[in-house]
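Here's a quick tour to follow with the structure open beside you. We'll go through it topic by topic.

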Amino acid sequence: MRHITILATLLFAFSAGAQPAQQAVTGTVKDAGDKTPMAGVAVRVQGATVGTFTDKNGQFSIQAVEGKTLEFLMMGYKTYKHTVLKNTLVVNVLLEVDEVSLEDVVVESGIIQRNKLGFTGAYATVNSEQLKSIGNTNLLHSLKTLDPGFVIMEDNLSGSNPNAMANIEIRGQTAMSITTVQDEAAAASNQPLFILDGFESTLQEINDLDVNRVESVTILKDAGSTAIFGAKGANGVVVVETIKPKEGRMFVTYSGDFQAAVPDLSVYNMMNAAEKLEFERIAGRYNYSVADDSEDPSVPMLGAKADAASQKRYYERLAMVQSGVNTYWLSEPVRMALTGGHSVNISGGDKALLFTAGVSYKNNDGVMKGSARDTYGGNIKLAYRGINSLSIQNSISVTGTTAEDGAWGSFSSFVNANPYYPKTAADGSITKYLDSENSSVAVNPLYNASLNSMSESKILNITNNTSLDWKINNSWHLKGSLSLSSVKTGNVSFLDPQHSSFDNTSYDKKGKYTSGTIDLWSYRANASANYLKSIGAHNITMQGRTAIDESTNRSETLVALGFPAGSKGVPSNAFSYEPYQRPSYSERIRRNVSFVGAFNYNYGYRYLFDLSYNMEGSTNFGKNRKFQPFWSAGVGWNLQREPFAESWKWLNELKLRSTYGTNGNQNVNVVTSSIYSYYVGNNVFGQASYLANVGNPNLAWQVVEKFSAGMDVAVIDNRLKLTLDVYQSYTSPLIVVLNQRPSTGVDSYPLNMGFLRTRGYEFKLHYSLINDVQSGTLVNLRVTGAYNRSIYGGFNDALEDLNEAYKKEENAQLSLSSLQHYKDGNSPSDVWAVKSLGIDPATGREIFLTKSGEQSYLYNSGDRVVLANSRPMLEGVMGATVRYSRLSFSLNLRYRLGAYAYNSALFNKVENISSGNIIYNQDKRALYDRWKQPGDVTEFKKIGLQDPTPVSSRFIQKDSYLRGESVKLTWNFTGDRWLAALLLQDLSLSLSMNDFFNLNSIKIERGIDYPFQRALVMNLSARF
């Protein structure tokens, strides 16, 4: 299809009648971006048949008449026009990339290529320049900014931990992650499929991929673009293409990324030493009572139950506060993290043999001490183009990762440490405990951090991809490929025997060593045949493809307990394995086979029709249901190509499209897991076994029906562009695990039941305010947005046992699971709680609203109702890009509207402060915003070590925000004379920041186990 378009362009370039030449015009054509000469640019006189091409140096010569217009045409670039003036001898031209043309001529689906103009599917494509305009540190986070349908769910526990993998969704959920069966080798239930250079990849590999290697990323969203992936495309597909070898002289490219990150501690609203001690006094920790209204309430009065010990404790702590002790524990486990990344790529070759080779290294230190993620990699890609249009390409890549989490533990242990205690004893030693009162013990977090505990994992990934491409003629095109991959993962962790978690453990059980290895070997092979035919205005494309793949996963785990003090985790020093346990081993083999057919027809690229069919078999499901068909159909209309629209000069594109089809989701179930497990002991009859799991032979696939409709609009010389999509997915049946009665002999059993429906919309609006190529001035504005909501049903009373278990469990009113409830017609993201009418000003007690509409002081879990939804009504990014000459600036702000969140800081650190956890620091609002005396109008109960507070609507708050997602400033030195002395062709320097401010409607702790960070990144890119 691309060749036909180029041929049409060239025929058009010579289609006008010849004119007498009056003067010769010469010049050079260069790329406006990197200023490199461009060969093969068509140069013609508008309205004449006179035409030529630029040579390998970008130079041209053409005869032209004064007053006529020269046109410069190149696929992927905007047409440039120049009027010939009298005595014009030299014309130097800069061609600007036409982003629409360059990105959309071909849609890369990872299996087959689609012509953009005739494709009906919903997708988004971004190139390397767009990715780098956000930042060079992480590919996934750049995609989150550029496309509204690609969502990374915020992890409030892991924060900015470099070793935490992102939780990604494309267009919402297709599975209930809470109730589906999932093993350790499977991806998350709603995680998309990743394709790297035509082969299936993993989230971890994409997360660690060097951004400088990426040429483009295509996000496939609807059934029309993902049905060809069958059982793996339900959650969308992310297709990543790395830089391909290009013909020409050899180029050497270097990119260096240098990052300085600091933790964002502004989100923690903890008391200082004086405030914490005062709160303890008022709450009654020291058996003091506040004087009556006639006296100064700030003066502590001896209560009836006061004793000498409590007085001594209070005044000792008061003396420490008055002496200036006010320890800021939050700064202890964190640091300014410095990260350096380097990549070097070499490319070149001729028409017969092209090559690309590169190496990269990145040491990514986390803002918590001891945490880091170091990655390295090397790749070589060779492309041979032989006779008879046969090309062979082979690439081999080796990547490695070393991840460390250190001994500092959870950041919350430092957030919660009492500020009126010094970090060390008078002699400088680190004590084990900060506080010990009755049965409550507060550990010094610095003590655990000083021990020999550690956690480390290493990953080595070796992949070899070979592909053959044979263009038999203009119609037939054959392809084949084979991928071999080996991934070895090793995890080692050690918890020191002197760690406080072993305080109540016997000596021979103190200390824990865990070691695990995973060996994954896989192969994937496919072959395809493509047929293309154009008969007049009728264009037909057909593809047939078959693929097989197999993966073998072997894992071993060893857990040893009991180590002598001072041990550094040598397994041979352990006293024993875990009680009644021994080293474990498992082996799992999965196989897939698929047969894909795709058909595309269009009439003059006006009326479009797509059809695809996939028959796929997998060992992931019941033996009676291994095969499942998937299909999709799509229609489209390019209205701008209609004859009646030819006079609409303002309209560049108006495409209407819609698709419907099915996908599968195989990121679920453990049918391939072991059916039997073995007892530790044995007898005269041999080793005993028991039934550990039962596979359901009739377990069916999770089939997802998808509908999508959208429009692509471009007007006013492509200055204003709009993409709008609405969609629905319907998953039926779901795979759910139900607990079984003891008499069955198994704990649980996977079944098909229920459905999940997700509806939503997304849009992208782009406006080019200024676009002057010659002066290098560009101003682009953009805004994106998305919304989706899921509803499940069809369970009837099957999940009522789970709901009842949440109600009846110990301390059910304090359990976060009480926020969840499974009921047909509701959303998985609904937030359930008893509605609160607030705090009674007279008594300081909470008033609840029952389902019958009555007020009550008594909490009843049966009065829970849907209060809100944790999904936003609208979320997206507002951005701007400004370029003047060599200076470029980009800014992206993320907004979120209409979401609600559970505020754990209010629940755990403002209320629910018992005599056991008062030894920890608390939120300032516990002192200043709680009820103190009759008549106070407050949000929170009276100060005191009262009975537990249940989860109610008071702790569910609106979570709307505006955040500084990214800002980047770039200066391009290309063209400066001094570069030649350094043998440089191009040089650019950029500075960027991510998450540089946060305006939030809710005051909540962000980053409980690991803090979030704010980073400044400098990038240096050079080409020799």
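**The biggest hole inside**

Strand S13 (193-196), strand S14 (199-201), strand S28 (512-535), strand S29 (538-561), strand S31 (584-603) and strand S32 (607-618) each put at least two residues into the lining of the largest cavity. Keep in mind that this is a predicted model.

**Largest cavity**

- Searching the whole structure turns up five cavities of 30 Å³ or more.
- The largest cavity holds about 300 Å³ of space.
- Its lining is made of 22 residues, and the ones nearest its centre are Glu200, Lys232, Arg545, Ala547 and Asp549.
- Which strand gives the most to this lining? That's S29, with four residues.
- Sorted by class, the lining of the largest cavity has ten nonpolar, six polar and six charged residues.

**Second largest cavity**

- Here you get about 100 Å³ of space.
- There are 14 residues lining the second largest cavity, with Arg171, Lys221, Lys706, Tyr727 and Ser729 closest to its centre.
- Two or more lining residues come from each of strand S37 (702-715) and strand S38 (720-731).
- By class, the lining of the second largest cavity counts four nonpolar, six polar and four charged residues.

**A five-stranded sheet**

- S13 and S14 show up again in an open sheet of five strands, which goes S10-S15-S16-S13-S14 with mixed pairing.
- Which strands sit at the edges? They are strand S10 (123-127) and S14, and each of them pairs on one side only.
- On average, neighbouring strands in this sheet are turned by 25 degrees against each other, if you ignore direction.
- S10 and strand S15 (residues 214-220) run antiparallel and are joined by five bridges.
- Look for asparagine 127: its bridge partner is serine 216 in S15.
- Helix H4 (residues 139-146) packs on the sheet, where it touches S10, S13, S15 and strand S16 (237-242). The direction of H4 makes about 55 degrees with that of S15.

**Glycine 853**

- You'll find glycine 853 in the loop between strand S45 (846-849) and strand S46 (855-856).
- Why does glycine 853 count as partly exposed? Because its relative accessibility is 48%, and partly exposed covers the range between under 20% (buried) and over 50% (exposed).
- Glycine 853 and aspartate 863 are ten residues apart in sequence, and their C-alpha atoms are 9.9 Å apart in space.

How values were computed. Residues numbered from 1 in each chain as written. Predicted model: local features only at pLDDT ≥ 70, side-chain atom pairs only at ≥ 80, totals over all residues. Heavy atoms only, no water. Buried < 20%, exposed > 50% of the residue type's maximum accessible area, 1.4 Å probe, protein only. 1 Å grid on protein atoms, 1.4 Å probe; cavity = no way out; pocket = protein on both sides within 12 Å on 5 of 7 lines; lining within 4 Å. Points joined across faces, edges and corners; volume = space filled by probe spheres on them. Nonpolar A, V, L, I, M, F, W, Y, C, P; charged D, E, K, R; others polar. Pairing = 2+ DSSP bridges. Axes fitted to C-alpha atoms, helices over the stretch in contact; angles between N-to-C directions. Contact = heavy atoms within 4.5 Å.
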